[in-house]
Amino acid sequence: MPLPQTNAVQLFLSYGLKLLLYTPRTTRAPATPLAVAQAAAAAAAGPAAIAAAAAAAPPVPPPPGLSAADVRQLEEKGAPTPEQLPRRKLGLLQLLAAAGGVGGPLLPVGAVLPHLLAAAVDPAEAVARRAEELLKRSAALDSGRPAADLDSPDLIRRLLRLFH
């Protein structure tokens with residue numbers, strides 16, 4: 001019998017989904033001729049002009065599916081390095097799989113389906129491969145008896161929220 005979705009479980013699942021959606025933020029290179037000219041003029045003007053231009057530049061948007069507050073929460077104690085991030089994501093997937101098996105007594109498939117779908121498209125191949133394995137093994141969508149209630153308004157809302 002599945003455990004009730006307590007506040008602690010909801011917080012864990014929420015944080016886990018944010019982690020799986022997170023990708024390191026990068027700065028964008030000037031894309032237009034005007035931006036290139038402005039960057040060149042700032043570089044010629046000196047360090048003070050470069051600092052002023054950097055302060056005036058629009059902030060880098062958060063990764064898809066996350067808000068700026070979500071990114072701040074994930075980077076609160078320092079942004080994970082490119083080497084740490086896939087390890088953390090794989091660790092989370094291992095934890096989801098070990099929690100009685102995905103779809104097992106601790107975590108029903110409907111609760112972790114958004115996590116597995118987000119991880120299945122991760123840029124890190126190892127993360128995507130592990131998530132695909134878990135999807136195939138635990139959340140296989142058998143037309144006769146699906147593992148998750150795909151008509152559940154809660155599941156639909158959580159899946160659509162991935163695309164907000």
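I began with helix H1 and listed its buried residues: Leu 13, Gly 16, Leu 17, Lys 18, Leu 19, Leu 20 and Leu 21. This is a predicted model. I then checked the span of H1, residues 7-21: 21 Å from first C-alpha to last, close to the 21 Å expected. Next I asked which helices the buried residues of H1 pack against. I found helix H4 (68-74), helix H5 (84-98) and helix H6 (109-120).

Salt bridges came next. I got a count of six.

I looked up Lys 18 again. Its side chain meets that of Asp 70 in a salt bridge, 3.4 Å from N to O. The pair links distant parts of the chain, with Asp 70 in H4 and Lys 18 in H1, 52 residues apart. Buried or exposed? I noted that Asp 70 and Lys 18 are buried.

I moved to Lys 89 and Asp 122, whose side chains meet at 2.5 Å, N to O. I read a relative accessible area of 1% for Lys 89, which is buried. Asp 122 has 10% and counts as buried because the cut-off is under 20%.

Within H7 I found Arg 130 and Glu 133, three residues apart. Their closest N and O atoms are 3.3 Å apart. Arg 130 is buried at 18%, whereas Glu 133 is partly exposed at 40%. I also noted one network of salt bridges joining Asp 154, Arg 157 and Arg 158.

Last, I checked the surface. Ile 156, Leu 160 and Phe 163 make a nonpolar patch of about 350 Å². Phe 163 is in the segment after helix H8 (153-161). I logged Phe 163 as exposed, at 70% relative accessibility.

Note on methods
Residues numbered from 1 in each chain as written. Predicted model: local features only at pLDDT ≥ 70, side-chain atom pairs only at ≥ 80, totals over all residues. Heavy atoms only, no water. Patch = residues over 30% accessible without salt bridge, like charges linked within 9 Å, V, L, I, M, F, W, Y side chains within 5 Å. Areas by Shrake-Rupley, 256 points an atom, 1.4 Å probe, with all protein chains shown as cover. Salt bridge = Lys/Arg side-chain N within 4 Å of Asp/Glu carboxyl O. Helix = DSSP H or I, 4+ residues; strand = E, 2+ residues; numbered from the N terminus. Buried < 20%, exposed > 50% of the residue type's maximum accessible area, 1.4 Å probe, protein only. Expected span 1.5 Å × (residues − 1). Contact = heavy atoms within 4.5 Å.
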